[in-house]
Amino acid sequence: MLKRVARFFPLVIACTVLALTGCGGGGPTPSEAQKAAPSEPTHQDFGDFEVHYNALRTDQLAPDVARAYGIERSANRVMLNVSLLRKSQDGTTTPVDGDVTASAYNLNGQLKDLQMRRVTEGASFYFIGEVGISGAEILVFDIGVIPSGQQSKYSVQFKREFFAD
């Protein structure tokens, strides 16, 4: 029995050393910590076009930004932001105007009122809409985009979890 334990002892030591190294011994220091990647995509590719989207609680907006766009800052409100880009053959993108519609619902199937409006800044176009939340909610967003001068409608669906204060 003692010989059997002696045979596995080096393996136990090696596993212990590896486990301790993984608990912080060989990783980056706090000053060089890796940034977290988004857990879900924030854009979708449609050949010549890209649809970019994001949703966040409006209290995360700077007060002057919210005021400039007429957005109510609140832990109980979420803003959806959508933009459309046309891809060039050289890999660059340019903003494109179009028609954007969106709806949102929670996992209980409750439809949330979400009216999109166009914001123009120079040559850029954004489409924003606001929706109310209560408590912790997971919202599913359905977005439809038709670029100006195009017939095709591009559809995107994504979900995000929000926690109201």
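Reader: Which residues do ring pairs link into a cluster?

Author: Ring pairs join Phe46, Phe49 and Tyr154 into a cluster. Rings of Phe, Tyr and Trp (its six-membered ring) pair if their centres lie within 6.5 Å; planes under 30 degrees apart count as stacked, over 60 as edge-to-face and the rest as tilted. Please note that this is a predicted model, in which local features need pLDDT of at least 70 and side-chain atom pairs count only at pLDDT 80 or more, while totals for chains, interfaces and linings use all residues. Residues are numbered from 1 along each chain as its sequence is written, and side-chain values use heavy atoms, with hydrogens and water left out.

Reader: How many aromatic pairs does the count come to?

Author: The count by this rule is four aromatic pairs. One of them is formed by phenylalanine 49 and tyrosine 154, which are tilted, with 5.8 Å centre to centre and 40° between the planes. This pair links distant parts of the chain, 105 residues apart: phenylalanine 49 is in strand S2 (residues 49-57) and tyrosine 154 in strand S10 (residues 154-163). Strands (E, at least two residues) are DSSP runs, numbered from the N terminus.

Reader: Are phenylalanine 49 and tyrosine 154 buried or exposed?

Author: Both phenylalanine 49 and tyrosine 154 are buried. Buried means under 20% relative accessible area, exposed over 50%, and partly exposed in between (1.4 Å probe, protein chains only).

Reader: And why is the pair of phenylalanine 141 and phenylalanine 158 stacked?

Author: The pair is stacked because the planes of the two rings are at 20°, with the centres 5.0 Å apart. Phenylalanine 141 lies in strand S9 and phenylalanine 158 in strand S10, so the pair ties together parts 17 residues apart in sequence. Phenylalanine 141 and phenylalanine 158 are both buried.

Reader: Changing topic, which residues are the bridge partners of tyrosine 105?

Author: In S9, the partner of tyrosine 105 is valine 140; in S6, the partner is leucine 111. Strand S5 (residues 98-106) runs antiparallel to S9 (residues 136-147), with nine bridges joining them. Two bridges join S5 to S6 (residues 111-112), also antiparallel. Two strands pair if DSSP finds at least two bridges between them.

Reader: What do S5 and S6 form?

Author: They form a hairpin with four residues between them, and glycine 109 in the turn has a positive phi of about 85°.

Reader: Lastly, where is serine 83?

Author: Serine 83 is in strand S3 (residues 77-87). Serine 83 is buried, at a relative accessible area of 14%.
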